[in-house]
Amino acid sequence: MRFINALKAFILNTLFPPVCVSCKKEGDFLCMDCLNSLDKKKISQSYKKIDDPDLHHLDGVIYALDYAKNPQIQAAIKQLKYKFTQDLAKHFADMMALKLSELNMVKGHKIILIPVPLHKKRLNERGFNQAEVIAKLIDNAEVIPMLERVRNTKQQARLSKKERHENLTGAFRLNKKCIHKYNSENIYFLVDDVCTTGSTLEKCAEVLKKNGIEKVYGLVIARAFK
Ligand SMILES: [Zn+2]
């Protein structure tokens, strides 16, 4: 499936050269001009300790960009998810790696990245998990797929905050095939594309914490929460 997707992307790129999702210029899916014009935040603004009692398992979220201030990113994330544009994943991964490198708390520690999992059914439909693709492209970190999604939940986008919480109850559990020995010296990040209400990250963090991981942070391309 992955090979077929890569082949499909290759053929499409040859027949239809990449066009910038933002300015439509040919050459790259996100051109240098548009990349440089993104409103990237300093890390002091990127780290968000979520002040929300519903999100008490999640210790904070690191994000590269603010969704609302960068509408081109919405198009880029859609392009990555639905058209398998790996070049975009690398741009995102680099932005996220940069944020991590600016973070004092990770200095001298091993960074563990845990992709937010897709349900098997959705994984088969899409052929890849965009969170995992991005995580694997982030430098100086180890990717450990510690979680699995056991319920094929409804798309979160149109649900209210309360409905999102209910929709995700019991959706995640530890991936039995993945053996990882917890080390308190490691810093653990859940990786996803966008953080909207934080519900998905929270539910994943809850599972990890119940299994002994003391601190869990989120690492996303863009945040959309208030
Ligand atoms: Zn452009």
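Phe92 touches Ile134 and Ile221, leaving aside residues up to four places away in sequence. Touching here means contact: C-beta atoms, placed from the backbone, lie within 7 Å. The place of Phe92 is in helix α5. Phe92 counts as buried because 25 C-beta neighbours fall inside 10 Å. The cut-offs are these: a residue is buried if 20 or more other C-beta atoms lie within 10 Å of its own, exposed if 12 or fewer, and partly exposed in between, with C-beta atoms placed from the backbone. Pro53 is 39 residues from Phe92 in sequence and 30 Å away in space, C-alpha to C-alpha.

All of this rests on a predicted model, in which local features need pLDDT of at least 70, side-chain atom pairs count only at pLDDT 80 or more, and totals for chains, interfaces and linings use all residues. Residues are numbered from 1 along each chain as its sequence is written. The predictor's confidence in each residue, pLDDT, runs from 0 to 100. The protein chain averages 87, and 98% of the residues score at least 70. Confidence is highest in β3, at 98, and lowest in helix α3 (residues 43-46), at a mean of 72.

Now the core. A nonpolar core is a set of buried Ala, Val, Leu, Ile, Met, Phe, Trp, Tyr and Cys residues joined through C-beta atoms within 7 Å. The largest one has 57 residues, and Leu190, Val191 and Ile221 touch the most other members. Elements that each supply at least two residues of this core include β2 (61-66), α5 (86-101), β7 (187-195) and β8 (216-223). The largest share, seven residues, comes from α5. Val191 has its own set of contacts, again not counting residues up to four places away in sequence; among them are Leu113, Ile114, Ala131, Ile134 and Leu219.

Next, the sheet. Helices (H or I, at least four residues) and strands (E, at least two) are DSSP runs, numbered from the N terminus. The protein chain has nine helices and eight strands. Six strands form an open sheet with mixed pairing, in the order β1-β2-β8-β7-β3-β4. At the edges are β1 (47-48) and β4, each of which pairs on one side only. Two strands pair if DSSP finds at least two bridges between them. β2 and β8 run parallel in their pairing, over five bridges. Val61 stands opposite Gly218 in β8.

What about α1? Its 14 residues reach 20 Å from first C-alpha to last, close to the 20 Å expected at 1.5 Å a residue. That expected span is 1.5 Å times one less than the number of residues. The number of buried residues in α1 is zero, so the helix lies largely in the open.

Two loop residues deserve a look. Most residues other than glycine have a negative phi. Lys24 has a positive phi of about 70 degrees, although it is not a glycine. Lys24 lies in the loop between α1 (2-15) and α2 (32-37). Lys24 is exposed, with 9 other C-beta atoms within 10 Å. Asn140, also not a glycine, has a positive phi of about 60 degrees. Asn140 lies in the loop between α7 (130-136) and β4 (142-143). Asn140 counts as exposed, with 10 C-beta neighbours inside 10 Å.

Finally, the whole chain. Buried residues make up 36% of the 226 residues. The C-alpha trace spans about 50 × 40 × 35 Å along its principal axes.

Terms used. Two residues are in contact if their C-beta atoms, placed from the backbone, lie within 7 Å.
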